[in-house]
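Subject: Structure handover

Hello,

Here is the structure for you to look through. Please open it next to this email and follow along.

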Amino acid sequence: MINLRQVLFLVVAGLVPVDSSARGPKIEHWETEKGIDVYFVAAPEIPMFDMRIVFAAGSSRDGVTKGLANMTNQLLKEGAGKLTADAFSEQFSATGARMGVGLGRDMAWASLRTLSNSERTAESLALFIDAVTKPRFDDIAVRRLQAQTLVALQHKKQSPGIIATEALY
């Protein structure tokens, strides 16, 4: 279960063009009643809605179970609420939106990009919210991602650059 106190919402309404004479976009900031920081940049001239949720997580928390944070993060796109992975993927694709997930050493994130004036915006946002608050972690998806993670870990063992980076940390 996601601890909402460890979540940082970063909501960006669009990419703001900045020329050399501009000071940059105005970034609004507030905190929700549950203590979540929200950052917001409005750009009404661009019909895009971008949202990123950043979790206090990451590969540094894997402990002895290498790849656990990455696998958990990838599972966010593998079904949510009542929807299996296939149904979730089909419904999300039908909205025309894009959902991404990523991972760093000390954080993980999930992002949503959609048109702000689309009839499907509310549907894509609802699916995204389900993905980060009600992930399914179905056995079949876990087994598939576990197999992919094991292959990736074997590949890392053969990469001198990755070995050196991990030794540094």
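Below are notes on ring pairs, a helix contact and a hairpin.

This is a predicted model, in which local features need pLDDT of at least 70 and side-chain atom pairs count only at pLDDT 80 or more, while totals for chains, interfaces and linings use all residues. Residues are numbered from 1 along each chain as its sequence is written, and side-chain values use heavy atoms, with hydrogens and water left out.

**Ring pairs**

Rings of Phe, Tyr and Trp (its six-membered ring) pair if their centres lie within 6.5 Å; planes under 30 degrees apart are stacked, over 60 edge-to-face, and the rest tilted. That rule gives two aromatic pairs. One is Trp-30 with Phe-40: it is tilted, with 6.3 Å between centres and 45° between planes. Trp-30 sits in strand β2 (residues 28-31) and Phe-40 in strand β3 (residues 37-41), so the pair ties together parts 10 residues apart in sequence. Strands (E, at least two residues) and helices (H or I, at least four) are DSSP runs, numbered from the N terminus.

How accessible are these two rings' residues? Trp-30 is partly exposed, at 39% relative accessible area. Phe-40 is partly exposed too, at 24%. (Buried means under 20% relative accessible area, exposed over 50%, partly exposed in between, with a 1.4 Å probe and protein chains only.)

Phe-88 and Phe-92 also pair: their ring centres are 5.8 Å apart and their planes at 25°, so this pair is stacked. Both residues lie in helix α2 (residues 85-95), four residues apart, or about one helical turn. Phe-88 is buried, at 2% relative accessibility. Phe-92 is buried as well, at 7%.

**Helix contact**

The axes of α2 and helix α3 (residues 121-133) come within 9 Å and cross at roughly 145°. (Axes are lines fitted to C-alpha atoms, for helices over the stretch in contact; angles run from 0 to 180 degrees between N-to-C directions.) Which residues of α2 make the contact? They are Phe-88, Gln-91, Phe-92 and Thr-95. From α3 come Glu-123, Ser-124, Leu-127, Phe-128 and Ala-131. Contact here means heavy atoms within 4.5 Å.

**Hairpin**

Strand β5 (residues 98-103) and strand β6 (residues 108-115) run antiparallel, joined by six bridges. Two strands pair if DSSP finds at least two bridges between them. A hairpin of four residues links β5 to β6. Look for Gly-100: opposite it stands Ser-111 in β6.

Best wishes
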